[in-house]
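Thanks for coming, everyone. I have one structure to walk through today. Please have a look at it first.

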Amino acid sequence: MNPFRLPRWRFMNCCGHAWGHSPEPRPAAEAEGPSRRDFFKTAATGALGLAAFATLKDRAQAQVRVFPPPPPAVSPIEGLIDFHNHNAPDVFGRAVDDDESAQLYMARKMEAIVLKNHVALTADRAWLVRKHNPGIKAFGGVALNGPSGGLNPEAVQWMWRMQGGYGRVVWLPTFDADNHVKHFKDAPEGIKVVGPDGKALPALREVLKVCAQQKLVLCTGHASPTEVLAIAEAARDAGCDRIVVTHAEFEVVNMSVEQMKKAASMGAKLEIDAMGPLMGPNAHLPWMRHWRQVTYKESAEHIKAIGAENFVLGTDLGQTGNPSQPDGYAMLVAGLMAEGITKDQIKTMGREVPGKLLMG
């Protein structure tokens, strides 16, 4: 049986009116009904239409094929982990709250998420997300910015003790970092992690001791490339075996390939985030235009040069006006695969490496 096809000469809306065309006024004589001349005129027009049907068929079919593709049979991000995302409540505009975010992830069959907040604890929020959304593994932590007292080992000690044991991540200073505030000229100086000699400060070493003892993931925050290498060296010496360079490609960090290789040689994993390609001078949100764009091609080249086993994937999304975290993650996966990254490499960066960091 041949499928039914409806050739279209003109697109109609749901009310039967032609798109972009106003109805033509009818002569007064037509108001009383069709005449014999109208009948023959209509018949002749119909015959011409049938004769031209063969030539219009392909064109008509092409006109109606304007829909998006159907949903994939299997979610392209099924089983993966978002190592970096932001939700409400927060001091910055966020599109969704923790529970709404978790439900979006669950709908796409992702395995786990890491909740990040620059000013507040998220270890407790991870417990609530798991309670409200069985089926998603949520983890949290603490960012050592000003609200936490800077490089404060006590903040780390109390974070990992939070009920549930889901506080697994420590971020060194982000927007309060000395490198960040000087790079963006936000303040004369910020929270320092290394001294004038380029070595880790005593306060940082105290934080590293706790991370090593409790097997916490240490993220380097918004440190400079040279600071990142000093942090990685000190963390390795302290016994930390779970080190992540926060969005290593972003402008505020912006490590070279050689610096990435050196960090990887010391055991650090490099974070690639979905927000990178959305930034740059043509970004859809004004505040993102101040950050350099990181293209999929650039990220793919880093992965090929250094090895997928040295990377973790995240989104750094959740901001009002940006794509949802799962959509952004799917965009990141598609963009990397278009540049030659394989499904196995995606699984390594999106599941195996972050899974060992958080649950190993």
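I'll go from the whole chain to the sheet, and then to the pockets.

A word on sources. This is a predicted model, where local features need pLDDT of at least 70, side-chain atom pairs count only at pLDDT 80 or more, and totals for chains, interfaces and linings use all residues. Residues are numbered from 1 along each chain as its sequence is written, and side-chain values use heavy atoms, with hydrogens and water left out.

Start with the chain. It has twelve helices and eight strands. Those are DSSP runs, numbered from the N terminus: H or I of at least four residues for helices, E of at least two for strands. Of the 360 residues, 45% count as buried, meaning under 20% relative accessible area with a 1.4 Å probe, protein chains only. Now take contacts between residues at least 6 apart in sequence: 73% of them join residues at least 24 apart. Contact here means heavy atoms within 4.5 Å.

Next, the sheet. In what order do the eight strands run? The order is β1-β2-β3-β4-β5-β6-β7-β8, in an open sheet with parallel pairing. Two strands pair if DSSP finds at least two bridges between them. At the edges sit β1 (81-85) and β8 (311-314), each pairing on one side only. From one strand to the next, the twist averages 25°.

Strand β7 (residues 268-273) runs parallel to β8, and four bridges join them. D273 stands opposite G314 in β8.

Now a helix on the sheet. Helix α5 (residues 153-160) lies across β3 (137-143) and β4 (167-171). Its angle to β4 is about 160°. Axes are lines fitted to C-alpha atoms, for helices over the stretch in contact, and angles run from 0 to 180 degrees between N-to-C directions.

Last, pockets. A pocket is an open set of points on a 1 Å grid over the protein atoms alone, where a 1.4 Å probe fits, with protein on both sides within 12 Å along at least five of seven lines; lining residues have an atom within 4 Å of a point.

The largest pocket holds about 460 Å³. It has 20 lining residues, and F92, H118, W287, W291 and Q319 lie nearest its centre.

The second largest pocket has about 250 Å³. Which helix gives the most to its lining? That is α12, with three residues. Both α11 (325-338) and α12 (343-359) supply at least two. The lining residues include V74, P76, M337 and K343.

Methods:
Points joined across faces, edges and corners; volume = space filled by probe spheres on them. Buried < 20%, exposed > 50% of the residue type's maximum accessible area, 1.4 Å probe, protein only.
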